[in-house]
Amino acid sequence: MILLINLILYLFSFFRKGKANVFFVSYLAFVFVMQISLELMYRFEINNLFAVNIFFIGQMILLGLFYNSLLPIKGQKIFVKISLVIALLFLFAQFVIDSNQFLKFNLFEITLTSLLIVVFALFHFYNMLTDGKNFYYVSFGIVFYLLASTVLFLIGNLSMELSNDVKYLTWTLNAFLIVIYQLFILYEWKVSFYEDKIEK
C-alpha cells in the first residue's frame with residue numbers, strides 16, 4: 001500500500017512539477033509491477049524465484065541509472081556504468097554456465113547487485129558532504145534496506161531446508177524492512193517535493 005502511495009506521489013511530482021527523477025520513478029513503477037507479479041505467482045502456486053532474480057537485476061540497473069544521473073563527478077559516472085556492464089556480463093555468464101541459478105536464490109547475484117547499489121549510494125553520500133542533500137533520505141533508506149535484506153536473502157537458500165516457522169520469520173522481517181524503506185521514500189517526497197510546494 002505504501003509503495004502504491006509513493007508511486008502515485010512521485011508520478012505526480014514528475015508529471016506536474018517536473019522534479020522527480022525519471023529513473024527513480026521508473027524504479028518505483030518496476031518494484032510495484034514486480035510485487036504484484038510475485039504475489040500472483042505465489043497465490044497460483046507458481047515458482048516465483050526466477051522473478052526474484054529478475055527483480056534484483058532490474059533493481060540494480062534502475063538504481064544504477066538513478067545514481068548515475070545524480071553523481072556530478074565524471075569518474076564516478078564512469079565507474080557506475082562500467083560496474084553495471086561488468087555485473088551484467090558476470091550474471092549472464094553464470095546463467096549460461098548453470099541455468100539452475102536462475103530458478104533459486106542466487107547468492108552471488110543478490111550480494112553483487114545489492115552491494116553495487118550500496119557503493120553507488122555511498123558515492124552520493126560523499127558528494128552530499130559539499131553539495132545539497134538531494135535524495136538524502138531515499139539513499140539512507142536504500143543503504144539500510146539493502147544491507148539488512150541482503151543478510152536475510154543470503155540465508156534464503158538455507159531457510160529452504162528449515163522449518164516453516166523460520167521461513168515465515170525471515171519473510172516477515174523482510175516485509176518489515178520494506179515498510180521502513182518505503183517510509184523513508186515517503187518522507188523524502190514530503191521534504192523534497194511537498195514542502196517545496198507549500199513554500200511556493
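View 1. F56 is buried, its relative accessible area being 3%, where buried means under 20% relative accessible area, exposed over 50% and partly exposed in between, with a 1.4 Å probe and protein chains only. F55 also counts as buried, at 14% relative accessibility. These two residues form an edge-to-face aromatic pair, with 5.6 Å from centre to centre and 70 degrees between the planes; rings of Phe, Tyr and Trp (its six-membered ring) pair if their centres lie within 6.5 Å, and planes under 30 degrees apart count as stacked, over 60 as edge-to-face and the rest as tilted. This is a predicted model, in which local features need pLDDT of at least 70 and side-chain atom pairs count only at pLDDT 80 or more, while totals for chains, interfaces and linings use all residues. Residues are numbered from 1 along each chain as its sequence is written, and side-chain values use heavy atoms, with hydrogens and water left out.

View 2. Y136 is partly exposed, with a relative accessible area of 25%, and Y137 counts as partly exposed at 28%. The charged end of K133 sits over the ring of Y136, 4.9 Å from the ring centre (NZ of Lys or CZ of Arg within 6 Å of the ring centre and within 35 degrees of the ring normal).

**View 3. Y10 in the largest nonpolar core.** The largest nonpolar core has 50 residues, and Y10 and F24 have the most contacts inside it; such a core is a set of buried Ala, Val, Leu, Ile, Met, Phe, Trp, Tyr and Cys residues joined through side-chain atoms within 4.5 Å. Helix α3 gives the most to this core, with eleven residues (helices are DSSP runs of H or I with at least four residues, and strands are runs of E with at least two, numbered from the N terminus). Not counting residues up to four places away in sequence, Y10 touches residues including F24, F135, W189 and F193, a contact meaning heavy atoms within 4.5 Å. Ring pairs link Y10, F24, Y27, F66, Y67, F135 and F193 into a cluster.

**View 4. N174 in helix α8.** N174 is found in helix α8 and is buried, with a relative accessible area of 6%. Leaving aside neighbours within four places in sequence, N174 is in contact with Y145, S149, L152 and F153.
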